[in-house]
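Welcome! Have a look at the structure first, then try each task before reading on.

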Amino acid sequence: MHVDAAIRSRKSVRRFQPWPVPRQTIEQLLELAARAPSGSNTQPWTVQVLSGERKQALCQDILRHVANRGTPRPEYTYYPEHWFEPYQGRRREVGFGLYEALGIQRQDSAARRLQELRNFSFFDAPVGLLISLDRRLGTGSFIDIGMFVQTFMLAARARGLHTCAQAAFANYHDIVRQHVPLPAEQLLVCGIALGHEVHDAEENALTTPRESTQAFASFHGFADSSSGGRHSVID
């Protein structure tokens with residue numbers, strides 16, 4: 001698959017087939033992801049890969065904790081305390097789009113909660129990855145982790161696989177630590193579900209929109225071919 005096709009067809013899949021993914025394939029994906037850039041080549045990523053009974057045990061423990069009204073303990077603050085535009089509108093659009101695709105009414109909080117909890121089964125994916133970094137590192141290392149995760153997801157897509165990056169696991173890092181060797185200095189950043197897409201699942205039909213290049217990019221110092229070679233002017 002051409003890299004452009006992998007980028008354009010990558011999406012957050014929320015229902016996976018039970019078909020296994022060979023360990024050799026996962027190792028190849030991780031080797032490729034490790035080619036991601038990082039500041040001064042620090043390579044701050046650490047990965048725990050779970051499948052089979054080990055994955056199932058972690059999922060069951062988190063779901064049991066949530067069912068018992070256990071309190072999440074976030075590793076870090078992902079979202080702002082107070083939302084504002086345009087970010088609030090984009091967030092609502094994707095949330096409402098997902099629930100609409102699933103036929104869940106906005107006021108049906110119970111159904112919405114059940115869908116949210118599917119995060120902690122890795123959306124039935126046969127493989128779950130947990131990505132962490134040394135919390136003693138700086139903010140820049142989060143940039144490095146993002147590039148590592150994206151490289152992994154694109155490499156997976158190029159092999160016909162799909163993924164879903166899941167920051168929700170960071171809320172239950174204390175339970176994760178009971179299942180994988182995650183030292184105290186390691187900060188759990190996110191999980192990644194990995195597997196084959198259920199093509200006819202309603203939630204997988206959701207395609208999130210993107211802003212146009214003109215909405216987020218400015219060009220400076222380029223000749224504007226549409227104006228006879230003049231430089232572009234900002235109004």
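Rings of Phe, Tyr and Trp (its six-membered ring) pair if their centres lie within 6.5 Å; planes under 30 degrees apart count as stacked, over 60 as edge-to-face and the rest as tilted. This is a predicted model, in which local features need pLDDT of at least 70 and side-chain atom pairs count only at pLDDT 80 or more, while totals for chains, interfaces and linings use all residues. Residues are numbered from 1 along each chain as its sequence is written, and side-chain values use heavy atoms, with hydrogens and water left out.

**Exercise 1. Find the aromatic pairs and describe the one formed by Phe 84 and Tyr 87.**

Step 1: By the ring rule, the count comes to 10 aromatic pairs.

Step 2: Now check accessibility, where buried means under 20% relative accessible area, exposed over 50%, and partly exposed in between (1.4 Å probe, protein chains only). Phe 84 has 47% and is therefore partly exposed; Tyr 87, at 43%, is partly exposed because of its value too.

Step 3: Phe 219 and Phe 222 also pair edge-to-face, at 5.8 Å and 80°. Both of these residues, Phe 219 and Phe 222, are exposed.

Step 4: Finally, look for a group: Tyr 76, Tyr 78, Tyr 79, Trp 83 and Phe 142 form one aromatic cluster.

**Exercise 2. Which rings have the charged end of Arg 91 or Arg 106 over them?**

Step 1: A charge sits over a ring if NZ of Lys or CZ of Arg is within 6 Å of the ring centre and within 35 degrees of the ring normal.

Step 2: Arg 91 sits over the ring of Tyr 79, 5.3 Å from its centre. Arg 106 lies over the face of Phe 96, at 3.9 Å from the ring centre.

**Exercise 3. Trace helix H6 and say what its buried residues pack against.**

Step 1: Helices (H or I, at least four residues) and strands (E, at least two) are DSSP runs, numbered from the N terminus. H6 covers residues 140–158, 19 residues in total, and spans 28 Å between its first and last C-alpha, close to the 27 Å expected; that expectation is 1.5 Å times one less than the number of residues.

Step 2: Its buried residues include Ile 145, Phe 148, Val 149 and Phe 152. They pack against helices H1 and H2 and strands E1, E2, E3 and E4.

Step 3: Just after H6, Gly 160 takes a positive phi of about 85°.

**Exercise 4. Is strand E2 enclosed or open, and which strands pair with E2?**

Step 1: 8 of the 8 residues of E2 are buried, so this strand is largely enclosed by the rest of the structure.

Step 2: In a regular strand the side chains alternate between the two faces of the sheet. In E2, Val 127, Leu 129, Ile 131 and Leu 133 are buried on one side, and Gly 128, Leu 130, Ser 132 and Asp 134 on the other.

Step 3: Two strands pair if DSSP finds at least two bridges between them. E1 runs antiparallel to E2, joined by 6 bridges, and Ser 51 has Val 127 as its bridge partner. E2 and E4 are also antiparallel, over 8 bridges, with Leu 133 opposite Leu 187.

Terms used: Contact = heavy atoms within 4.5 Å.
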